[in-house]
Each structure stands twice: as structure tokens, then as C-alpha cells.
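Please look over the sequence and the model below before reading on. The paragraphs that follow take up its strands and then a pair of helices.

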Amino acid sequence: MSSSPDGPSTSSHMMKTTKRGRPFLKDTLDLFATLIVSLQLGPHKQFFKTFPHSFTTDEAAQNLASLKFSQSNRGPDPREPSRVITTTTTTTFSMTRDMAKAMSQHFMDARLIENATDPSSNLFKDRGVYQLTPKRLHVLERFIAKNGINSDHLQPVFQSQPICIKLLHLERRSADDEIIVAQSVITALFRRFVGRQANYPPPPSDKPLDPFQRYNERAKGIALSDVTDRAQPLLGKPAQTHKYCFAAVSALEWLCDFTSVVGREEAAEMAAQFVRFGLITLVSDKRKNNDSAIIFTVRGSTPGGNSPVSQIGEFRCTAKAIYKITDEGQRVAHWNGSSSSTDSPSSSTANLNSDRASIDTPADEPGRKGTDAKIHRRISMAEKMNATYENGERKSTKESNTDRLRYILEEPGLRSLFREFLRGNFCEENLSFWLDVQDFKRKFNITSSAVAVAPTGRAGSRNTPGQAAMERHHESLINTAFVIYNTYLAPSSQCELNIDHGLRNELVKYLEEVVTSLTGKAFQGRVEPEQATVFNATQLQTMIRLYERIQMHVFRLMATDSVPKFIKTSKFLAMRNWVEDFDPTETDIRLLTNGPSSPPGLNTVEETGGAYMTVSQHGSEREHRQHIATKDGPSS
């Protein structure tokens, strides 16, 4: 498999692979997202059943045979800063059918797709029908947002299938793509694995759970049960009940579904680390003598003393193996309300170097600062929203409400509730305008498309599918710019904003000048479609700058007038508590929406490892709506 930029000069290179033979994770995720954007997911029938939003083996192989990903970035011309130029880069992926099938198997191992007829199958078949997993939808959403892709054709998929709301990413070494294992990383992973409290599934009821409810129950943490060993009178052993037990195979599936772990082998290594750190222990493995047993072993140094950390950790990947959470694991999980002063599973601060290639990195320093400003230690919602309000810190009201508004805009559930509040106060248009401009700015700065092209395309053709997609996207941007104007800013518009008179006049004056000079027609207060099509990228950027000034005005208005009233409402207080209960992480997991701006490890001299969480906008907003509906249901 190779990729090459499409232009006057081209180059070709093989995708980098790990010692296990799989492509690096970032390449795997980007290639698959490109494939899915290029596909037209639709209904496919197999075994007398129709599966919506799916694709076949043949469709995946045909698109991977010649897949083009084009990306345009807009910025000032170095020679004339007042002028905007667009730089487009096109990357072509090409592979044979056998290579495409092998790549699709990697997608399956990473839990990006599943067999529609048999989700438990781990093999990519020659004539199969496949659907996206909740984990894949989470990654796809981030890819679309990051690269400015038009995803209208994928919206039915996001709306109809469960999405992984919070995905835990484990940082990897840039040289070989192996997870960098440190004490703080294992702690973060384990706390996400077991959840805020023991996850005993609810008892069966007459009304079965729907797919969304079943997935959300799994998302809370590994499903636990109590296991009782029968008494053995001849050996003098009474019956014994083990609490907080889980099946080994279930643990591997859970780690693949809710973290960036790739495949069962990597999941087994992480589970073996749980054993080594004394967080879980084997209860029983009642397999028959002729049954195969796969045992993963990890080794590392121990701090000595009374530390629960062992030099060796083994995890049995058998159908009959049962493990349980140890007392140390319960302490690290904070199930009993206890919290340790360090992120380490042991009280020792000694580095635990590993002898394995994938786990030879020392533990994180507690005070280490991230190199990316977007990455930050997670602060609880209550601290973010109420530190200045409840604790009496001496900050101005304006400053604290500005901070609160920023967090409301970042947190999908709170943003949805804030919209309901504004609607009740007849000023919802302020939030709608702010969000529409944010989305417009993102799409203007970076635009991407993914298409599968026929191999018979003429060499040297100037009007490539990628270029055609870019031209369509520019037309869409122009349309979006004037939809915003006609919706919020034109006189007597549907959602007219109450903004500063001088700002409105400045925008109208600019439109009058441009429309008149380009079309020869007078500006009548609204922009017609035939007038909008003549705008170029530089003129669009000028409009964006004017929109940004209005956006700042609207932001200040919401912060000073709406937020102080919103945070006193009963729904906000209930929502704050719900988000705290829902969040399964602790302060050692960093929270961000778009992930790091560059692959982990490339900006640091020493790769120390870490974990961070990304949040799905679609999934979080839908979960909030379901929570509100469930809460309001009995009272209606």
C-alpha cells in the first residue's frame, strides 16, 4: 500500500508498520476515515435480513484500490498578505484487492468495523456486509471536524447508531507505535476500565434494553458479577464467593471498544499490566486439558518494600478464565471514596522500567507540563463552573462568567441545556449565530474531500475529482456565509440579532460596495444567490472578520446577561450533578475535544507517555437529550 501527493511532482512511500505487522495507528485511523467518507453507506441484504448504513467487501476493496484525499488550506499570500490563497494537497492511496482485504482486517482488529450478520466474528470475510462500530463513529466524527469534510451523507449514521461518547487514548512511541506504559497510564486506563463504581448489570426486565441503552451500560465500565466456588468437603474447603469478577475475553473486548487499544493482543498486554500492578487477579480457569491457552506475559522492575507491583504479570486469554478486582484495584479505582495523593497504583515513586519493547518507559513525573496548550489536566465540572461563584474567589463577575460561558460552549450537554434556557428567554439566536460562525470559520480554514476514482482516469487531467470537490465546497462556503447574513443580520430576518448599530452598518456598507462592484446592481439589504456566487476567498475572509467582531459582541452579551441567570436554574444544577456522575475518569486523565495538534511524542525529546480523553459531540448531546427525557417522563 502506498500514498503519494498528487501534483506536478509525486512521490510514493509504503505505510509504516509495527513489529506485529499492522500499520501505525494514526495511519490506520486516517485511511479508514478517508474510506468511509468516500463510500455511500446504504442498505445491504444478507441471510434474508437488511442492514442499514453498511458496505460490502467488494465496495471497500474497489474504493481502496484508488482512493484520493484532497485537503485545501486557506491563508494569507506571503507576497500580498491582504490576499487569501488556497493550497491544495491530494494524497492517493492504492492497493490490490488482497492488500485491501488485509487492511480491512486491521480495521476489524481495531474495532472500527464489525460483521453485520455476526458482530462476534473477528475475521474479515471475502463476501461480507459490514457496519461501523460506536468507536469508529467517534473517531470518524473527529476526523470530519478536523479536516473540514462535508459529511451530510453520514448524518443518518450518526443519528441512528450508538456512538462512543468518551474515548480514552493512550499515547504511543513515535518510533514503533507501541503504547508507552507508565504507572500513571495504567492507573488512568484501569480507572476507565472499572468505572466510578462497580458496574453490576441491571436485572432482566420485561422491557429489553435498546441498542443505545445496552451500549451505555457497557460504557460505564467492565460488567461485573459474583462467582461462587463450590465447597469441597474432602479437601476441607468451604464454599467461597468472589466479588467483582469478570471474564477474561470480555475484558479484551471492552478495552478494544472504549480505548485506543488496537486488537486483542495489545488489550491482553494491558490486562497483564493490571495483573502486574496488583489491580486484578485470576479467580479460576476451568478449561479442559486439551483446550488451547494463550497467556500474555509482561515483565518490569519492582519498587520493593510492600508495593503490590510484581516483576511479572500474566493474563490468560481463554474462554473459561475469570478475574476479579483486588482490594488494591478497588483502592486505585476510588470506589470507596478514598483517593491517593499520587497517580501511581503504589505508594512508591520509583520508576518501574519494563524489559519489554512496548513497556520500557518510566512513570510520568506528577508535575510534568504538557507541550500542547490544548492538553490540560481535567478539572471537575463543579470546579470549572462554580469555583468563583461558590468559593468567593476575588474575581470580577465579568471574568468568571466569561470562563463559565466558554465551558458551557465546550460541553455538549451543557450547551444543549443552555440553548433550551435561551429559547425560553427568546434569545436563542445569540447561541445559534455564535456556533454557526464557529463552524463556518473552521470550514473556511481547512477543506477536505475523499473520493474513489476509476483507474482509467486520464493522466494529467486538470479537473481531478479532488479539485471538483474543492470547487463545490467553495460554492458551499459562499452559500453558508450569506445564509448566516440572511438569517441573523439582514433587516427583518428570521432570527435577527440585536447588535451594535455601528457593527451592522459596517457590514452592510462592505456588502454594498462588493455587490455593486461585482454585479453592477444595488444592494437591497439581502444577498440573492446569483450575487453570492461572485465572491472570492479574500472577500469571504473579510466577511469572516466582520462576523468575528459581531461574534465577540454576542459572546459578551451572553456572558453578562444570560449566564448569571442560567447557572441559578434548577435544571443547570441537576445537569451539573449528572455530568459529574456520568464522567468515569479522574484528574489523571486529560480531557480535550479535538485531541493533540500533532501525534504524541513528536514535540518532546523524551517520550514519557500519557492518556487523554476525547468527547463525541453527537453522542454527548444525544445522551443529554435522553437523560432529560427520562427524567421528565414520569412527571408528564
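Through how many residues does a hairpin join S5 to S6? The hairpin joins them through 2 residues, where strands are DSSP runs of E with at least two residues, helices are runs of H or I with at least four, and both are numbered from the N terminus. This is a predicted model, in which local features need pLDDT of at least 70 and side-chain atom pairs count only at pLDDT 80 or more, while totals for chains, interfaces and linings use all residues. Residues are numbered from 1 along each chain as its sequence is written, and side-chain values use heavy atoms, without hydrogens and water.

Strand S5 (residues 67-77) pairs with strand S6 (residues 80-94) in the antiparallel sense over 11 bridges, pairing being assigned if DSSP finds at least two bridges between two strands. Asp 77 has Glu 80 in S6 as its bridge partner.

Turning to the helices, Leu 414, Leu 417, Phe 418, Phe 421 and Leu 422 in H13 meet Met 558, Ser 562, Val 563, Lys 565 and Phe 566 in H18, contact meaning heavy atoms within 4.5 Å.
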